[in-house]
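This report describes selected features of a single model. The sequence and the structure are shown first.

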Amino acid sequence: MKKLFFVIISLLCVFYFNKFECFAANYTYSTPDTYYFSKNSTDSAEREKILFIVDFSNSMNEKLGHSKKINIALSTMKDILQMIPAETSVGLRVYGHRTGFTPKQSCTASQLISPIEKNNTINIYSKLNSINAVGWTPITYSLKQAAFFDFTDTTSKKRIILISDGGENCDESPCDFVIELMKYRDDIKIDVIALAVGDMDANNQLKCVALVTSGKFYNANTAAELKNSLQDSLNLQKEVQAEIIQQ
């Protein structure tokens, strides 16, 4: 059957084009039995890279309900990290995890403690559990470090997920920084989760960071709202089990 199909195509080529050297000589075809779809290898390269920036300032020791905010954040992160696919590249930066003798030391207390990699969620959670919330809130410095140093490639889409319970308390403005950043960078989006932020100015500051970068902004005042915010930011869907019943 396949040979007959090829002969017919060749004869049609000769009849309509009046020459023997035509496309039929190099003609290839597929049938339902032989067709194979190869997924584009660039799909994985285009996958978004994600960096968590988590607030470990001293105010995270304050109670939210019956638990400290930092404990709520760690517990929620544990649940969320288990839901992230292994092929997703994720990393972790923290700030406020150490204090200093001078304002400069406190305002540069930001560290990439887990570089952005695949199969990295277990490592991220283990690092989170080894840190104490003790310092200030150098959000702008952390965003600068993330934007300029933490993402090692220039081609992928990049998303920062910032979890903070307050605004900047160093002599910088994260809003002003991202406004300048977006003038020459369009590959970074910043989602911001404001964890029980009661101060209006701080809340507006954080909201600006998200909106200017075309990211999402969330107000989370409970553990459930924090989890929902992270799920939405990461586009994680709850697993739904279904059973086909034959009648």
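The sections below cover conventions, disulfides, helix packing, loop residues and backbone torsions.

## Basis of the values

The model is predicted: local features need pLDDT of at least 70, side-chain atom pairs count only at pLDDT 80 or more, and totals for chains, interfaces and linings use all residues. Residues are numbered from 1 along each chain as its sequence is written, and side-chain values use heavy atoms, with hydrogens and water left out.

Helices (H or I, at least four residues) and strands (E, at least two) are DSSP runs, numbered from the N terminus.

## Disulfides

A disulfide is a covalent bond between the sulfur atoms of two cysteines. Here the criterion is a pair of cysteine sulfur atoms within 2.5 Å, and by this rule the count comes to two. For accessibility, buried means under 20% relative accessible area, exposed means over 50%, and partly exposed lies in between (1.4 Å probe, protein chains only).

Cys-107 lies in helix 4 (residues 103-107) and Cys-170 in the loop between strand 6 (158-164) and helix 7 (174-181), so the bond ties together parts that are 63 residues apart in sequence. The torsion about the S-S bond of Cys-107 and Cys-170 is about -100°, so this disulfide is left-handed. Both Cys-107 and Cys-170 are buried.

Cys-175 and Cys-208 also form a disulfide, their sulfur atoms 1.9 Å apart. Cys-175 belongs to helix 7 and Cys-208 to helix 8 (residues 200-212), so the parts tied together are 33 residues apart in sequence. About the S-S bond of Cys-175 and Cys-208 the torsion is about 65°, so the disulfide is right-handed. Cys-175 is buried at a relative accessible area of 17%, and Cys-208 is buried at 14%.

Axes are lines fitted to C-alpha atoms, for helices over the stretch in contact, and angles run from 0 to 180 degrees between N-to-C directions. Angles under 35 degrees count as roughly parallel, over 145 as roughly antiparallel, 65 to 115 as roughly perpendicular, and the rest as oblique. A crossing is right-handed if the near helix is turned clockwise from the far one by less than a right angle, and left-handed if anticlockwise.

The axes of helix 6 (residues 139-150) and helix 7 come within 9 Å and cross at roughly 25°. Helix 6 and helix 7 are therefore roughly parallel to each other, and helix 6 passes helix 7 in a right-handed crossing. On the helix 6 side the contact (heavy atoms within 4.5 Å) is made by Ile-139, Thr-140, Leu-143, Lys-144, Ala-147 and Phe-148; on the helix 7 side, by Pro-174, Phe-177, Val-178 and Leu-181. These residues divide into eight nonpolar, one polar and one charged. In this scheme Ala, Val, Leu, Ile, Met, Phe, Trp, Tyr, Cys and Pro are nonpolar, Asp, Glu, Lys and Arg are charged, and the others, Gly among them, are polar.

## Helix 3 against helix 9

Helix 3 (residues 69-81) and helix 9 (residues 223-234) pack at an angle of about 40°, their axes 10 Å apart. That angle makes helix 3 oblique to helix 9. The crossing of helix 3 past helix 9 is right-handed.

Helix 3 contributes Ile-72, Ala-73, Thr-76, Met-77, Asp-79 and Ile-80 to the contact, and helix 9 contributes Ala-223, Leu-226, Lys-227, Leu-230, Gln-231 and Leu-234. The contact of helix 3 with helix 9 comprises eight nonpolar, two polar and two charged residues.

## Two partly exposed loop residues

Asn-61 is in the loop between strand 1 (49-55) and strand 2 (63-64) and is partly exposed, at 27% relative accessibility. Leaving aside neighbours within four places in sequence, Asn-61 is in contact with Lys-68, Ile-70 and Ala-133. The C-alpha atoms of Asn-61 and Ala-133 are separated by 6.7 Å, although the two are 72 residues apart along the chain.

Ser-173 is placed in the loop between strand 6 and helix 7 and is partly exposed, with a relative accessible area of 25%. Between the C-alpha atoms of Ser-173 and Tyr-141, 32 residues apart along the chain, the separation is 9.4 Å.

## Positive phi

Most residues other than glycine have a negative phi. Asn-119 has phi near 50°, a positive value in a residue other than glycine. Asn-119 is in the loop between strand 5 (110-117) and helix 5 (121-128) and is exposed, at 63% relative accessibility.

Phi of Asn-235 is positive as well, near 60°. Asn-235 is in the segment after helix 9 and counts as exposed at 58% relative accessibility.
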